[in-house]
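I opened my notebook with the sequence beside the model and wrote down what I looked up, entry by entry. The entries follow the order in which I went through the structure.

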Amino acid sequence: LRENLPAGTLVTTLRAVDADAGAFGELRYELLEQAAVDGGGGSVTGHVEAFALNGSSGELRSRLTFDYERAKAFRLLVRATDAGNASATATVRVLVGGEDEYDPVFLSPAFSFEVPEGARRGQSIGRVLATDEDEGPDGVVLYALAEPSPYFAVNRTTGTIWLRADGR
């Protein structure tokens with residue numbers, strides 16, 4: 001489920017199978033437990049009212065607008081029951097997907113570096129640094145020079161500025 005979708009969004013439709021025919025084959029669905037969980041599956045906030053389950057159709061819908069930076073996953077315990085009170089339970093895990101909501105921001109509006117006398121090609125002369133409030137893959141900052149330079153290059157992942165030619 002992507003973050004920022006409106007409350008009432010269809011997450012999935014749960015389906016259980018009952019081999020009985022007629023009324024005893026008709027199932028009712030019930031949401032027994034809901035918990036926000038951490039990435040490893042452990043409970044974080046305990047009971048939450050984040051989802052609603054339609055008892056006859058099995059449609060699971062969100063009751064909230066989710067924020068990936070606040071909760072990344074939920075664990076639900078659901079039950080399907082037939083008219084004879086035979087039932088089965090299942091655990092449903094709902095993962096919240098992030099969106100690229102924020103732009104990277106440099107830690108300084110300008111960076112200044114000096115090329116030391118005698119500097120050689122490949123030598124690092126400084127590092128630029130930016131942050132991004134998104135978490136996960138959308139929060140990874142990659143660096144590039146705005147315009148190609150015959151003299152300088154930037155490491156795409158670290159922001160380190162290095163010399164492409166010997167200093168003079």
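Strands E6 and E7 (residues 87-95) run antiparallel and are joined by 9 bridges; for strands to count as paired, DSSP must find at least two bridges between them. I also noted how elements are named: helices (H or I, at least four residues) and strands (E, at least two) are DSSP runs, numbered from the N terminus. The hairpin of E6 and E7 has 4 residues between the strands, and there Asn85 takes a positive phi near 70°.

**What kind of model this is**

I reminded myself that this is a predicted model, in which local features need pLDDT of at least 70 and side-chain atom pairs count only at pLDDT 80 or more, while totals for chains, interfaces and linings use all residues. Residues are numbered from 1 along each chain as its sequence is written, and side-chain values use heavy atoms, with hydrogens and water left out.

**Leu95**

Leu95 has its place in strand E7. I checked its contacts (heavy atoms within 4.5 Å) and, not counting residues up to four places away in sequence, Leu95 touches Leu1, Lys72 and Ala73. From Leu95 to Tyr68 I count 27 residues in sequence, and their C-alpha atoms are 9.2 Å apart in space.

**The open sheet**

In which order do the 3 strands of the open sheet lie? I read the order as E1-E5-E4, with antiparallel pairing. Strand E1 (10-13) and strand E4 (51-53) are the edge strands, each pairing on one side only. The twist averages 20° from one strand to the next, where axes are lines fitted to C-alpha atoms, for helices over the stretch in contact, and angles run from 0 to 180 degrees between N-to-C directions. Between E4 and strand E5 (residues 59-62), which run antiparallel, there are 3 bridges, and Ala52 has Arg61 in E5 as its bridge partner. As background I wrote that strands of a sheet pair through backbone hydrogen bonds, either parallel or antiparallel.

**Salt bridges**

I found 5 salt bridges in the structure, each being a side-chain nitrogen of Lys or Arg within 4 Å of a carboxyl oxygen of Asp or Glu. One of them joins the side chains of Glu49 and Arg63, at 3.0 Å from N to O. This pair links distant parts of the chain, 14 residues apart, with Glu49 in the loop between strand E3 (43-47) and E4, and Arg63 in the loop between E5 and strand E6 (73-82).

**Between the two domains**

The domain assignment, which is automatic or from a database, gives domain 1 (9-95) and domain 2 (100-167). Their C-alpha centres lie 47 Å apart, and 4 residues of domain 1 are in contact with 5 residues of domain 2. About 310 Å² is buried between the domains, and carbon and sulfur atoms give 36% of this area; buried area is the accessible area (1.4 Å probe) that two parts lose on being put together, summed over both. In domain 1, Tyr68, Glu69 and Lys72 lose the most area to domain 2, together 96% of what that side buries. The rule finds 1 salt bridge across this interface. I also looked up Lys72, which forms a salt bridge with Glu135, the closest N and O atoms being 2.5 Å apart.
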